[in-house]
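Colleague: Before I rely on a structure, I would like to learn how to read its surface and its ring contacts. Could you take me through it step by step?

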Amino acid sequence: MTALPKAAGSSRGRRLLRTVPAYAGLIVIAALVLVPFAWMVSSSLKRDNQVFTVPVQWIPEELRWSNFVEIWDRIPLLTYLGNSAFLSVTITALQVLTGSFAAYGFSKVRFPGRDGLFLAYIATIAVPWQAYMVPQYIMMQRAELTDTYWSIILLQAFGAFGVFLMRQYYMSIPDDLCEAARIDGLSEYGIYRRIMLPLSKPALASLALLTFVNTWNDYMGPFIYLTSNELWTVQLGLRSFVGQYEAEYAMIMTGSVLSVLPVLVIFLFGQRYFIRGIATSGLKG
């Protein structure tokens with residue numbers, strides 16, 4: 001009669017011994033990841049000559065909250081944030097549309113050479129951006145699209161990673177649903193719109209979040225194609241605090257904190273769908 005409780009207690013103890021180190025390791029890793037963000041926030045409340053002090057002063061003696069007020073007068077930050085938001089929302093919407101639509105064709109529509117074409121398209125992920133950066137710029141220049149948002153939107157409206165992510169999710173949806181819809185007379189566009197899209201909300205949210213963050217944080221694209229100050233994104237706008245001989249590091253950190261806030265808010269609201277979409281995109285395929 002006493003053997004069962006002892007066995008249960010022993011099993012519970014072994015699970016606890018395995019769980020505690022795992023959680024401790026995760027806490028350490030999370031702390032290491034958060035250290036740069038903590039340093040950024042701390043630096044945004046300092047003077048320039050206090051940012052790189054050794055040892056690091058995590059809590060400044062004088063909290064300069066005025067940095068968050070002054071930055072709006074120093075540069076047109078609201079314009080930069082608006083430009084970043086416009087590009088991020090537009091490119092995210094286009095990538096979600098084109099990625100999900102192409103993924104439906106690669107996963108649920110049978111046509112000659114489908115798998116080979118998909119592999120060739122996905123193989124472009126392995127090609128570094130620097131390899132086709134110059135040809136892309138020449139194309140945009142000859143089309144007279146440089147120094148316009150069109151150059152960035154057209155180049156980033158399609159993404160091989162988005163097609164791969166959505167196709168993996170669509171492969172987990174039974175083909176019988178599509179076959180039944182075809183028997184009922186529903187067109188391929190109807191199947192995509194009425195069946196596939198409603199069932200793939202987690203994957204769509206994951207793709208949208210990844211694309212939004214990537215576009216928001218993009219520096220090289222706007223740096224190459226946008227030369228007018230009124231078109232700059234927030235990443236380019238922060239360059240205004242870098243002078244010829246010195247940089248205003250406190251202001252750069254202040255702007256960085258403000259630029260991270262929109263992404264942080266969006267991630268907090270969409271993390272449930274993001275985690276579900278990433279977790280289920282590899283079930284089949």
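Modeller: Let us begin with a single residue, bearing in mind that this is a predicted model. Alanine 143 sits in the loop that joins α5 (129-142) to α6 (149-156).

Colleague: Is alanine 143 buried, partly exposed or exposed?

Modeller: The relative accessibility of alanine 143 is 42%, so this residue counts as partly exposed, given that the partly exposed class lies between the buried class, under 20%, and the exposed class, over 50%.

Colleague: What separation do the C-alpha atoms of alanine 143 and proline 202 have?

Modeller: These two residues are 59 residues apart along the chain, and their C-alpha atoms are separated by 37 Å.

Colleague: Let us turn to the surface patches; which residues gather in a patch of positive charge?

Modeller: The positive patch on the surface brings together Arg12, Arg14, Arg15 and Arg18. Arginine 15, one of these, belongs to helix α1, which covers residues 3-43, and with a relative accessibility of 43% arginine 15 counts as partly exposed.

Colleague: How should I read a pair of aromatic rings, and how many aromatic pairs does a search of the whole structure find?

Modeller: The general idea is that such a pair is described by the distance of the ring centres together with the angle of the planes. Here, a search of the whole structure finds 12 aromatic pairs. For tyrosine 80 and tryptophan 232, the ring centres are 6.3 Å apart and the planes stand at 35°, so this pair is tilted. The pair links distant parts of the chain, 152 residues apart, with tyrosine 80 in helix α3 (residues 77-108) and tryptophan 232 in the loop between α11 (220-225) and α12 (234-237). Both tyrosine 80 and tryptophan 232 are buried.

Colleague: What is the geometry of the aromatic pair that tyrosine 219 and phenylalanine 223 form?

Modeller: That pair is stacked, with 5.4 Å from centre to centre and 15° between the planes. Tyrosine 219, at 31% relative accessibility, counts as partly exposed, and phenylalanine 223, at 38%, also counts as partly exposed.

Colleague: Which residues form one aromatic cluster?

Modeller: One aromatic cluster is formed by Phe101, Tyr104, Tyr189 and Tyr192.

Note on methods. Residues are numbered from 1 along each chain as its sequence is written. This is a predicted model: local features need pLDDT of at least 70, side-chain atom pairs count only at pLDDT 80 or more; totals for chains, interfaces and linings use all residues. Side-chain values use heavy atoms; hydrogens and water are left out. Patches are made of residues with over 30% relative accessible area and no salt bridge: like charges are joined within 9 Å, nonpolar side chains (Val, Leu, Ile, Met, Phe, Trp, Tyr) within 5 Å. Accessible areas come from the Shrake-Rupley method with a 1.4 Å probe; for residues, only the protein chains shown count as cover. A salt bridge is a side-chain nitrogen of Lys or Arg within 4 Å of a carboxyl oxygen of Asp or Glu. Lys and Arg count as positive and Asp and Glu as negative; His and the chain ends are not counted. The place of a charge is taken as NZ of Lys, CZ of Arg, CG of Asp or CD of Glu. Helices (H or I, at least four residues) and strands (E, at least two) are DSSP runs, numbered from the N terminus. Buried means under 20% relative accessible area, exposed over 50%, partly exposed in between (1.4 Å probe, protein chains only). Rings of Phe, Tyr and Trp (its six-membered ring) pair if their centres lie within 6.5 Å; planes under 30 degrees apart count as stacked, over 60 as edge-to-face and the rest as tilted.
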